[in-house]
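Subject: A structure for you to look at

Hi there,

I am handing over a structure that I have been going through. Please open it alongside this email, and then read on for what I found.

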Amino acid sequence: MIKLLRSINCIYFYVDDLEHGISFYKSFKGLQLLWKTDCQAGLGIEEDITEVILQTDPLESNLCFECDDVYKVIDQITMMGGSVIKDPFDTKDGRRAIIKDPFGNVFQLHDSVNNKYILDEDGNVIYESLANLDGMD
């Protein structure tokens, strides 16, 4: 059997105040701020690949699986009775889709077709991908 999912990419939590959310979740020993934008912040545990993402926008789902190819996973899921809630769409760090399994659970799929964010020393996103560095001084 082909391995379609690689890991849990992230778990999302809605917060109405990003700074307060960061402070709250950093108070748990082990969670540290990895990156931040105006409406999202990624926190993580050292040596772990799963992020806790705090966001001030309404949530479409709370869990995201990392995979090599969103389209291949969608094919498998729909063949097994699941459905696509939101077709694959490009994001700043890859491609995502929103899926519903046959039991009604909603989750995201993510593949890293684009490069990750580039951060400054405080964890703020300064460039959205390495492709954006072309033409910089």
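Let me begin with a caution: over residues 129-137, pLDDT stays under 50, and the model has 10 contacts beyond four places in sequence for this stretch. Here pLDDT is the predictor's confidence in each residue, from 0 to 100, and a contact means heavy atoms within 4.5 Å. Where pLDDT is low, the predicted coordinates should not be read in detail.

This is a predicted model, in which local features need pLDDT of at least 70 and side-chain atom pairs count only at pLDDT 80 or more, while totals for chains, interfaces and linings use all residues. Residues are numbered from 1 along each chain as its sequence is written, and side-chain values use heavy atoms, with hydrogens and water left out.

**The chain as a whole**

The mean pLDDT of the protein chain is 82, with 80% of its residues at 70 or more. Confidence is highest in helix 1 (residues 18-26), at a mean of 94, and lowest in strand 10 (residues 125-127), at 55. The protein chain has 2 helices and 10 strands; these are DSSP runs numbered from the N terminus, with helices (H or I) of at least four residues and strands (E) of at least two. Their order along the sequence is β-α-β-β-β-β-α-β-β-β-β-β. Of the 137 residues in the protein chain, 33% are buried. Buried means under 20% relative accessible area, exposed means over 50%, and partly exposed lies in between (1.4 Å probe, protein chains only).

**A hairpin and a helix**

Strand 2 (residues 31-36) and strand 3 (residues 40-45) run antiparallel and are joined by 5 bridges; two strands pair if DSSP finds at least two bridges between them. They form a hairpin, with 3 residues between them. W35 has G42 in strand 3 as its bridge partner.

Which residues of helix 1 are buried? They are L18, G21, I22 and Y25. These four lie on the same side of helix 1, because they cover an arc of only 100° around the axis (the arc is that of the directions from the helix axis to the C-beta atoms). The buried residues of helix 1 pack against strand 1 (5-14), strand 2, strand 3 and strand 4 (51-55).

E47 is exposed, with a relative accessible area of 77%.

**The cores**

A nonpolar core is a set of buried Ala, Val, Leu, Ile, Met, Phe, Trp, Tyr and Cys residues joined through side-chain atoms within 4.5 Å. The largest one has 10 residues: F65, C67, V70, V73, I74, I77, A97, I99, F107 and L109. At least two residues of this core come from each of strand 5 (63-67), helix 2 (70-79), strand 7 (94-100) and strand 8 (106-111). Helix 2 gives the most, with 4 residues. Apart from this core lies another, of 9 residues, including Y25, L31, L43 and V52.

Buried or exposed: which is C67? C67, in strand 5, counts as buried because its relative accessibility is 1%. Leaving out residues up to four places away in sequence, C67 touches L4, L5, R6, V73, L109, H110 and D111. C67 and K3 are 64 residues apart in sequence, yet 8.9 Å apart in space, C-alpha to C-alpha.

Enjoy exploring!
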